[in-house]
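These are my notebook entries on a structure I looked through.

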Amino acid sequence: MTITCNGESVRIAARTIAALLQQRLGAAQPDGVAVAVNGEVVPRSVWSAPLLCDGDVVDVVTAVQGG
């Protein structure tokens, strides 16, 4: 399946956000991360559910501390 993740075309085998994050960030539930699929924020509690479909647009945002 092919999705767009942060503007980049990505092929993934699994259909879960957790699998995508494991592939891209090395952790299935990384701290300080928010995910939106097709413009809708997805709660962390459902990241392991099969939500992703071919052609979805996923935005992964990482919190950055500054001061």
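Predicted model: local features only at pLDDT ≥ 70, side-chain atom pairs only at ≥ 80, totals over all residues.

I began with the cysteines: the sulfur of C5 lies 15 Å from the closest cysteine sulfur, in C53, which is too far for a bond. For a disulfide, I needed two cysteine sulfur atoms within 2.5 Å. C53 is likewise in no disulfide, and the structure holds zero of them. I noted C5 as buried at 3% relative accessibility, and C53 as partly exposed at 35%. Buried means under 20% relative accessible area, exposed over 50%, and partly exposed in between, with a 1.4 Å probe and protein chains only.

Residues are numbered from 1 along each chain as its sequence is written, and side-chain values use heavy atoms, with hydrogens and water left out.

Next I searched the whole structure for salt bridges (a side-chain nitrogen of Lys or Arg within 4 Å of a carboxyl oxygen of Asp or Glu) and found one. It joins the side chains of E8 and R24, at 3.3 Å from N to O. E8 is in strand β2 and R24 in helix α1, 16 residues apart. Helices (H or I, at least four residues) and strands (E, at least two) are DSSP runs, numbered from the N terminus. E8 is partly exposed at 42%, and R24 is partly exposed at 34%.

Last, I looked up T16, in the loop between β2 (8–11) and α1 (17–25). T16 is buried, at 15% relative accessible area.
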